[in-house]
Structures are given as structure tokens and as C-alpha cells.
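User: I have a chain here and would like to learn how to read its fold. Can we go through it by question and answer?

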Amino acid sequence: MTSLNEESIRQALAGDPLVGREVRVLPEVGSTNDYLKEAARGGAPEGLAVLAERQTAGKGRLGRSFQSPAGLGLWMSVLLRPTCPPERLPPVTALTAAACAEAIRKVCGAEAGIKWPNDLVLGGRKLCGILTELESGGEGLALVIGIGLNVSQRREDFPPELRETAGSLVMLTGREVSREALAGAILRALDRMYRDLLADDLDAWRGAYRAACVNLGREVRILRPDREEQATALDVDRDFGLMVRLADGREEILRSGEVSVRGLSGYTEG
């Protein structure tokens with residue numbers, strides 16, 4: 001696969017966006033999120049997007065590592081400096097998942113699902129992980145959104161422990177995918193999502209998220225720090241919490257920083 005081209009990404013992004021107003025492509029970095037957090041402390045402007053051909057220390061939720069091999073995916077982060085009240089920010093990770101699903105549909109014609117809260121899946125396999133982090137300093141509060149999207153891996157490109165659960169767009173759709181076109185589409189969707197977040201106009205995004213959420217109506221396992229429980233996933237609330245009915249009939253709203261959810265027989269399936 002050819003290297004990412006900054007100018008091609010800018011052309012795919014088009015217009016005068018806030019998110020993606022500056023695009024940098026790096027041959028290698030530890031983590032694009034860490035790169036942007038450091039840049040934020042140095043006063044980097046809002047809207048900076050950084051993509052790396054390879055990450056050597058990619059990060060996922062709950063401190064997990066994220067595999068990011070050279071040339072096979074989109075490993076990218078964007079820097080935002082939101083002026084809205086802080087209580088509006090927790091749903092950003094879920095909103096990013098909805099934005100990425102929209103971009104995949106437009107570029108690849110594939111309907112990626114969302115495994116609550118923020119993993120994109122296709123054919124029962126994980127395509128994409130998202131990690132948002134807050135950083136203070138420089139010009140004030142900064143929000144860094146990291147996206148790791150598998151584009152061109154074959155099954156054998158994944159580590160043995162991931163070969164039954166991970167997938168890529170090329171592997172699952174059978175089509176070649178332009179990483180530049182996909183990066184531009186993701187940045188466009190994030191730009192619109194961010195403007196809607198600042199305007200507190202998220203109803204359409206909530207609807208898109210619910211429509212894509214693969215957990216709803218299914219039996220799930222809730223993985224708590226001290227135990228597992230079985231429940232039925234019912235709905236997603238206004239703040240993108242997962243509403244579940246426990247085995248004893250009680251209903252509860254799960255928050256993404258507290259628990260993990262799995263299907264009964266696999267990563268996504270019930």
C-alpha cells in the first residue's frame with residue numbers, strides 16, 4: 001500500500017473545515033494521541049489532525065494496547081478545544097463512533113455497527129477503536145480524539161490472539177479502500193459532529209447511534225471489576241449510556257468508563 005499523502009487527504013476533506021484545518025502525516029509515532037496532547041500543551045490550534053503510518057505504542061480503552069501496523073490502517077487523532085460546558089463532553093467517544101460509521105458507509109458502502117460504547121464492527125469483527133482524552137495546559141482545556149481503523153489487513157496480519165475477533169474493511173468487504181478518501185470523510189463527519197455538539201443539536205446523531213448499535217435487543221454479559229452479570233440491552237439514553245434489564249428484573253444505565261459489555265457467545269453477537 002502506498003504511503004498516506006497529506007495533499008490527497010486535504011482534497012478529500014475539501015471546504016473550510018474546523019476539524020482538519022491542518023493535517024500532518026507522520027511516518028511513525030508512539031501514539032497519535034500522545035503526540036497531540038504534547039502539541040496541545042505547546043499551544044497547538046484547534047482542528048489539528050495527525051495521522052501516522054505506524055504507531056509503536058497505540059492505546060485503547062482501559063489501558064489496553066492497540067495494534068497499528070505500518071500502511072494497513074488509519075491511525076489518527078484530532079485536537080479540539082471545546083467551549084461548551086464540560087458536561088456535554090462525555091458522549092464525544094460515542095458520537096465519534098457514529099461519525100466514523102457514516103464515513104465508512106459513504107466511502108465503502110458498508111454498514112458498520114457500533115458495539116457499545118464505541119467499537120465499530122462488521123461481520124461480527126472489530127474494525128475500529130476510539131479513545132478520547134482530556135489535556136489541560138497551553139491554551140486551556142484540550143480534547144484529543146484518537147481513531148484506529150483497520151483498512152487493509154488480511155487475517156494473517158493480525159496477532160494470533162486477535163484473528164477470530166478483528167477484521168479490516170478490505171477483508172470484510174472484498175473491496176480496495178482509499179485511505180485518503182476515508183480519512184477525508186471521517187474528518188468531514190467529525191467536523192459536522194463537533195459543530196452540532198457545540199450547538200447542543202445532537203438528536204440526529206443519537207438516532208444514528210441507536211440504529212447502528214448491535215447490542216440493542218440482545219442478551220449481553222456485563223463485565224464489572226468484581227463480577228459478571230447477564231442482562232438484556234434495551235436502549236441508549238440521552239448521554240449514550242446503555243440501558244439494560246438485569247436478570248432479577250431491575251433496570252440500570254451503564255456508563256462506558258465503569259464496565260465492559262460482551263455478547264453471550266462472542267465479541268459482538270448475543
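Predicted model: local features only at pLDDT ≥ 70, side-chain atom pairs only at ≥ 80, totals over all residues.

User: How many bridges join β4 to β5, and what is the bridge partner of glycine 113?

Analyst: In general, strands of a sheet pair through backbone hydrogen bonds. β4 and β5 (residues 119-122) run antiparallel and are joined by three bridges. Glycine 113 has its bridge partner in β5, and that partner is valine 121.

User: How do α1 and α5 lie: parallel, perpendicular or oblique?

Analyst: Their axes are 8 Å apart, and the packing angle is about 45°. Roughly parallel would need an angle under 35 degrees, and roughly perpendicular one of 65 to 115. That makes α1, relative to α5, oblique.

User: Is their crossing left-handed or right-handed, and which residues of α1 make the contact?

Analyst: The crossing of α1 and α5 is right-handed. On the α5 side, the contact residues include Gly184 and Leu187. On the α1 side they are Ser8, Ile9, Ala12 and Leu13.

User: Is alanine 14 buried, exposed or partly exposed?

Analyst: Alanine 14 sits in the loop between α1 (6-13) and β1 (22-26). Its C-alpha atom is 7.9 Å from that of glycine 184, though 170 residues separate them along the chain. Buried needs under 20% relative accessible area, and exposed needs over 50%. Alanine 14 has 45%, so it is partly exposed.

User: Where do the buried residues of α6 fall, seen down its axis?

Analyst: The buried residues of α6 (residues 203-212) are Trp205, Arg206, Tyr209 and Ala212. They fall within an arc of 135°, so they line one face of the helix. Asp203, Ala204 and Ala211 are exposed on the other side. The buried residues pack against α3 (92-108), β4 (113-115), α5 (179-198) and β9 (228-236).

User: What is the relative accessible area of arginine 206, and which residues does it touch?

Analyst: Arginine 206 belongs to helix α6. It is buried, because its relative accessible area is 8%. Leaving out residues up to four places away in sequence, arginine 206 touches Arg238 and Phe240.

User: Which strands stand at the edges of the sheet of five strands?

Analyst: This open sheet has antiparallel pairing and the order β11-β10-β9-β8-β12. Each edge strand has a single partner strand, so one side is left without a neighbour. The edges are β11 (251-254) and β12 (260-263).

User: What does the twist average from one strand to the next there?

Analyst: Go along that sheet strand by strand. The twist averages 45°.

User: Over how many bridges do β8 and β9 pair, and which residue is the bridge partner of isoleucine 222?

Analyst: β8 (residues 219-223) and β9 pair in the antiparallel sense, over five bridges. The partner of isoleucine 222 lies in β9 and is glutamate 229.

Technical notes
Residues numbered from 1 in each chain as written. Heavy atoms only, no water. Buried < 20%, exposed > 50% of the residue type's maximum accessible area, 1.4 Å probe, protein only. Helix = DSSP H or I, 4+ residues; strand = E, 2+ residues; numbered from the N terminus. Arc of directions from axis to C-beta. Contact = heavy atoms within 4.5 Å. Pairing = 2+ DSSP bridges. Axes fitted to C-alpha atoms, helices over the stretch in contact; angles between N-to-C directions. Parallel < 35°, antiparallel > 145°, perpendicular 65-115°, else oblique. Left-handed = near helix turned anticlockwise from the far one by under 90°.
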